[in-house]
Amino acid sequence: MNSAPALLPARRPDLEAIARWVKPQSRVLDLGCGDGTLLRHLWETRAVHGYGIEIDDAKVLACVQNDVNVLQMNLESGLSAFKDASFDYVILSQTLQAVRHTESILREMLRVGREVIVSFPNFGHWNARLQVLAGRMPVSTSLPYVWYDTPNIHLCTLDDFESLAKTLGVRIGERLVLHDGKAVHMLPNLRGSLVVYRMSTH
Amino acid sequence: MNTVLLPQDSVGVVSEQRAQFDVPLHLSSGGVLPRFELAYETYGTLNAARSNAVLVPHALNASHHVAGVYAHTPQNVGWWDNMVGPGKPLDTRRFFVIGVNNLGGCHGSTGPISMHPSSGQPWGGDFPVVTVEDWVAAQARLADFLGIDCFAAVMGGSLGAMQALQWTLSFPQRVRHALVIAATPQLSAQNIAFNEVARQAIVTDPDFHGGHYYAHGVVPRRGLRLARMIGHITYLSDDAMMEKFGRVLRRGTPGYDFDIDFEVESYLRHQGDKFAGVFDANTYLRITKALDYFDPAAAHGGDLTAALAPSRANFFVASFTSDWRFAPSRSREIVRALLDNRRAVSYLEIDAPHGHDAFLMDDPRYLGAVRAYFENIAL
């Protein structure tokens, strides 16, 4: 095992925010955990007890290599393996826009976690709006896929998401809007390209 | 003398060892074995801290011969040789690996073909029915004998996985990691049904003689052959069988008789014949019973979470999508109970076509993950 803590990739500024919010020694479930970098980082810097869920064979192997607990399961079939409120945090980083049953996954996350942390690219960013106005589907750093070859099926804006959160009876505890890795405070739905929420049902 | 050329990553020529235990072993059935012997093999070297030992219990029809070859029978390669060896997923340059023949077995450990201590005759049908718990208790005696307080890991597939799981319950302080592969927390009614057909094939063979066939100078070959044939069907997936044999006719055209028509018939007969020549029917009966009885949740009102509460190990659980004998849903039951108990666990569900036998195959995803898991075990 390497002695240096796992570095979070510079391309993923949302992970920094997520890591800051997670309290030491808490229990974390990371949905769509990729190669397990976030979990490893949280374990090394905050001694969290974490599990990741991942479906892709190569990423699951990378998680085992990273010495993080990984469960090869399909997110879309729910979190039935997990008891109510069995985690302090359930994390879904930059995956919300790619899931089919968005609402039911959010409900499941809120059932299993005391807090839910979600990040996604903001479709309301001015650059995306301009491209749509120009008559094209947007392609940018935060939305890097062309329309015919993209995992993203449920893109939304900050306002869209917050309206869904209201429907689900969710209290938004904290929101961090980012662009180029820096926090955006003014006109977030226009100037932010990436957003991270911390939410709970109480 | 013939020189045997072995691959670089083989543990090479190995030899069987025996350990004798004279303290009576109390069995789940209430019976007692006054003394017993275990046949085992080891590969690699036990380190000074005695922290690198890995126990590999075997499944239904295997033995303590996990890896390598015997000098006198170089074609007899260990049953998990693709897993265990220098540079292999369970790397014998780093770990000290132990294979052990189960109590009641027919490959050297005390079993039905052994002499009864008082009668001077083979135990035969009088050998007690043993359970997974009994096997683990016997293996713990072997660990004591070898000076191993705590295993770095216990790893098994199928029935071997049940033993790995049982180790974490019987001796939670003596296992740091458990690799539980192609497992189930208990047999289903269908699993038991297949086992019962196999047992009926044996006990209704006219040569069975209530298990005392040695005294009659016969073996219930026909029964054991059928038992193996039915077992074999459950180890393979429908797709794997179809791919391997299809509907190929052995004689090119239908025979309109009851000789071998289809290739799969030939295969099953061959497997049955081969097995009946080397395996003991009394052992087969007892191993299938051990499978049937394994059910750690039973003592907890069916609550597997409560049953796994004593475990302290970290777990690696793997299942194979085409395994209909112990389907992935059964492994997920184990994972769920481990999660409820907040145990460290990784779970792989490998999309492999081979059925239950996939745990013995060369699948790079599976072998790669086992390798990675072992590499992260601190010594």
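Residues count from 1 along each chain as its sequence is written, chains are lettered from A and ligands numbered from 1 in the order in which they are written, and side-chain values use heavy atoms, with hydrogens and water left out. Since this is a prediction, local features need pLDDT of at least 70, side-chain atom pairs count only at pLDDT 80 or more, and totals for chains, interfaces and linings use all residues.

Trainee: What is the mean pLDDT of chain B?
Mentor: pLDDT is the predictor's confidence in each residue, from 0 to 100. In chain B, 99% of residues reach 70 or more. The mean is 96.

Trainee: What ipTM does the predictor give the complex?
Mentor: The pTM is 0.95. The ipTM is 0.93.

Trainee: How do H1(B) and H2(B) lie relative to each other?
Mentor: Helices are DSSP runs of H or I, at least four residues, numbered from the N terminus. H1 (residues 132–145) and H2 (residues 159–170) of chain B pack at about 70°, axes 9 Å apart. Axes are lines fitted to C-alpha atoms over the stretch in contact, and angles run from 0 to 180 degrees between N-to-C directions. Angles of 65 to 115 degrees count as roughly perpendicular, under 35 as roughly parallel, over 145 as roughly antiparallel and the rest as oblique, so H1(B) and H2(B) are roughly perpendicular.

Trainee: Which way do H3(B) and H7(B) run relative to each other?
Mentor: H3 (residues 189–203) and H7 (residues 281–293) of chain B pack at about 160°, with axes 10 Å apart. That makes the pair roughly antiparallel.

Trainee: How many residues of the contact of H3(B) with H7(B) are nonpolar?
Mentor: Contact means heavy atoms within 4.5 Å. H3(B) brings residues including B:Ile192 and B:Ile202, and H7(B) residues including B:Leu285 and B:Leu291. Ala, Val, Leu, Ile, Met, Phe, Trp, Tyr, Cys and Pro count as nonpolar, Asp, Glu, Lys and Arg as charged, and the others, Gly among them, as polar. Beside 2 polar and 3 charged residues, the nonpolar count is 8.

Trainee: Are H4(B) and H6(B) parallel or oblique?
Mentor: H4 (residues 221–235) and H6 (residues 263–278) of chain B have axes 8 Å apart. Their angle is about 125°. They are therefore oblique.

Trainee: How many charged residues are in the contact of H4(B) with H6(B)?
Mentor: Among the contact residues are B:Arg221, B:Arg225 and B:Arg228 of H4(B) and B:Arg269 and B:Asp273 of H6(B). The contact also holds 7 nonpolar and 4 polar residues. The charged count is 5.

Trainee: In chain A, which residue's backbone nitrogen lies 3.0 Å from a polar atom of the A:Gln131 side chain?
Mentor: A:Gln131 sits in helix H5 (residues 126–133) of chain A. Not counting residues up to four places away in sequence, A:Gln131 touches A:Arg136, A:Met137, A:Pro138 and A:Val139. The backbone nitrogen belongs to A:Val139.

Definitions and conventions: Helices (H or I, at least four residues) and strands (E, at least two) are DSSP runs, numbered from the N terminus. A polar contact is a pair of N or O atoms within 3.5 Å; within protein, one must be able to donate a hydrogen and the other to accept it, and residues adjacent in sequence count only if both atoms are side-chain atoms.
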